[in-house]
Structures are given as structure tokens and as C-alpha cells.
Amino acid sequence: TETMLRKGLVAPLVSTQWLLENLAKPTIKIVDATFHMPAWQRDGKAEYLAKHIQGAKWYNIDDEVDTTDLPHMLPSPETFAKAMTVRDIKPTDHVVVYDCSDFGVFSAPRFWWMLRAFGHDQVSVLDGGFRKWCREQGPIAVGEPQPLLAADAQQYVVREDRRDAFVRSYSQIVENIATRNEAVIDARAEGRFAGTAPEPREGLPSGHIPNSLSLPFDSLLNSEAGVFRSPDEIAQAFKAAGLNLDEPFVTTCGSGVTAAFLTFAAHLASQGDSSPAVYDGAWTEYASQPGSVIEPTPGTL
């Protein structure tokens, strides 16, 4: 993190204590980007309205997207800019993102990755998330902040469109199976990767992309506190999964949320040197395409 601060960047991960001390700064914008898996039967927006970090704006990754059959794909720069304008976020603001998951951190890194894909590097994830904030009795608010949009809000302008570097498509993933130019690492639970546990999305076989590696996202958290393990421990976990952080790789998962978690973790552990692309369609897209090779072959276990 020191290296990154010398480069004039904000720390990718901030503590609840840091946020408490910087809460009142006008350039700090807080976003609740909670996404709950459908199986959890939880309503992120209802939870936000019931209580959230003081000053936080709500962002649902499923709401402000462009029309597609796949869940929460990265929106266009125009759609993204509009969402930022409505929340009174300026390109120079330091955005702090958190989520309300039981893990401590789950979907917040997806929003961190989205901002960076559109050139907004002044963004940090709150370590331990809302769970830790509540445990430490940080200031909370209820309802929707009014007005959502300040009267003098400036139009948000996307500084840089980095989607080519930040995103991989289905055709690129298929091509990469043959070329193996980039390693592929999967954030889903081990059973889903191995084909021994079902996928949460109906009709989708479990298994994995040929040659891909497995690193369940929650293994990078200290489960008791819901905070990230140390950068060294994260680097070791990637290594144990078969990957060095200095080699080119792509992250994947079920629908692009925890893939961004692995990308964030790699960025954290490498002090910003490694920022692997996310396969945005992820397993939901890959396993539903008729021509996809799935290992192990569905129905053979």
C-alpha cells in the first residue's frame, strides 16, 4: 500500500477506523453496493433503507445496466456516468464501497472494479464491510438520503474507457483454452468447480473451464472478522492454487461478482502491479453456451 500511496493513488483497502476519521470530508463518497445471491433470499435495498453507513448512497449492480440476457454485466460508459451523476459522485472524489454480506466483503470489489474499468482509480473497499462497521457501532442512517442528487451536481465524465484491458469475453475465453496465453482462476466454491456440487442457477451444470484453477474467494478472508488476510497470505493462496501474481491471468466465477473479488485481492497482494481482467459473463454464460467444453463432462461423475 505504501508503494501505491507514493504513486498518488488511494489505498485499495481502508479500515473502518480510517472511514470513521474521514467520514465528514466532502470528497469522500460512500456507496453500499450490496448484492445478495438469489438463494440467500435477502433484499439489499430493503436492508439499505433500514440502515446504512451515514452518508452512503445505494447502488444495485443489477439495476443500472444495459439490456443483456446475462446478470449484472458491466454497463456502457454512458450508463455508468449517468449512475455516478445521480449519486453526486465526481471523477475526483474518493469513493469508498462496502457491502452487507455475512462474509464481511463479497460484492464491494465488483463496484471497485467497475469504477477502475472507467478510469476512476480513487476508489477503496471497506475492509470488514457493514458487518464490522455495525459491530464497532459506527454512525448509521436510515432511509434514502435526500435529495439523492444535489442541485448543483456536475455531469460525471468517464475519464478513460479501459474495458479492453479489464474485461474478457466468451470468445476470448474459448480462444484462450487453446492458446493458454492467460491463466484462468475461478472464485466459486470447490464443489461447484469440481462438478460435485450443484450450481445455484437452475439448469446450469457445474464443473469448470478447461485448464482453469480454483481459488474460492472466501478463503482470502479471515472468516471470523470478515477482513482480508495479509497481502503475503493472499499471494501464498494464489501460489498454492497454481498461480504467480506476476503472470497474466483472468478471473472468473458464477456471474462476475466474486471474479472481481479475486481481481481486487490480486491487486491488493501485488501493490497494484497485478490487475487481472474479469471474464464478465463467467460460468453463467460459459456453461449455457452449446459449444462449451466443460470439465468434468456433465453427468460423468
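Residues are numbered from 1 along each chain as its sequence is written. Because the model is predicted, local features need pLDDT of at least 70 and side-chain atom pairs count only at pLDDT 80 or more, while totals for chains, interfaces and linings use all residues, and side-chain values rest on heavy atoms, with hydrogens and water left out.

**Overall fold**

The protein chain holds twelve helices and 14 strands, where helices (H or I, at least four residues) and strands (E, at least two) are DSSP runs numbered from the N terminus. Its radius of gyration, taken over C-alpha atoms, is 19 Å, close to the 19 Å that the globule rule gives for 301 residues, so the chain is as compact as a globular protein of that length; the rule itself is 2.2 Å times the number of residues to the power 0.38. The C-alpha trace spans about 55 × 40 × 35 Å along its principal axes. Of the 301 residues, 53% count as buried, a term that means under 20% relative accessible area, with exposed meaning over 50% and partly exposed lying in between (1.4 Å probe, protein chains only). The accessible surface comes to about 13400 Å², of which 50% belongs to carbon and sulfur atoms; these areas come from the Shrake-Rupley method with a 1.4 Å probe, and for residues only the protein chains shown count as cover. Among contacts (heavy atoms within 4.5 Å) with a separation of 6 or more, 79% are accounted for by residues 24 or more positions apart.

**The sheet around β5**

Five strands form an open sheet in the order β1-β6-β5-β2-β4, with parallel pairing; two strands pair if DSSP finds at least two bridges between them. At the edges stand β1 (13-14) and β4 (57-58), each with a single partner strand, so one side of each is left without a neighbour in the sheet. Helix α5 (residues 108-117) packs on this sheet, touching β2, β5 and β6 (123-126), and its direction makes about 180° with that of β6; such angles run from 0 to 180 degrees between N-to-C directions, with axes as lines fitted to C-alpha atoms, for helices over the stretch in contact. Ten of the ten residues of α5 are buried, so the helix is largely enclosed by the rest of the structure; among them are Phe111, Trp112, Trp113 and also Arg110 and Arg116. Just after α5, Gly119 takes a positive phi of about 80°.

Strand β5 is itself covered on both faces, with His94, Val96 and Tyr98 buried on one side and Val95 and Val97 buried on the other.

Ala183 stands opposite Phe249 in β13, whereas the bridge partner of Asp186 in β10 is Ser214. At β14, Val278 stands opposite Val167.

| Strand pair | Sense | Bridges |
|---|---|---|
| β2 and β5 | parallel | five |
| β5 and β6 | parallel | three |
| β9 and β13 | parallel | four |
| β9 and β10 | parallel | two |
| β8 and β14 | parallel | two |

In α11, 13 of its 13 residues are buried, and just after the helix Gln271 takes a positive phi of about 55°.

**An exposed loop residue**

Glu224 lies in the loop between β11 (221-222) and β12 (227-228), and at 70% relative accessibility it counts as exposed. Leaving aside neighbours within four places in sequence, Glu224 is in contact with Arg131 and Arg135. Glu224 and Phe103 are 121 residues apart in sequence, and their C-alpha atoms are 8.9 Å apart in space.
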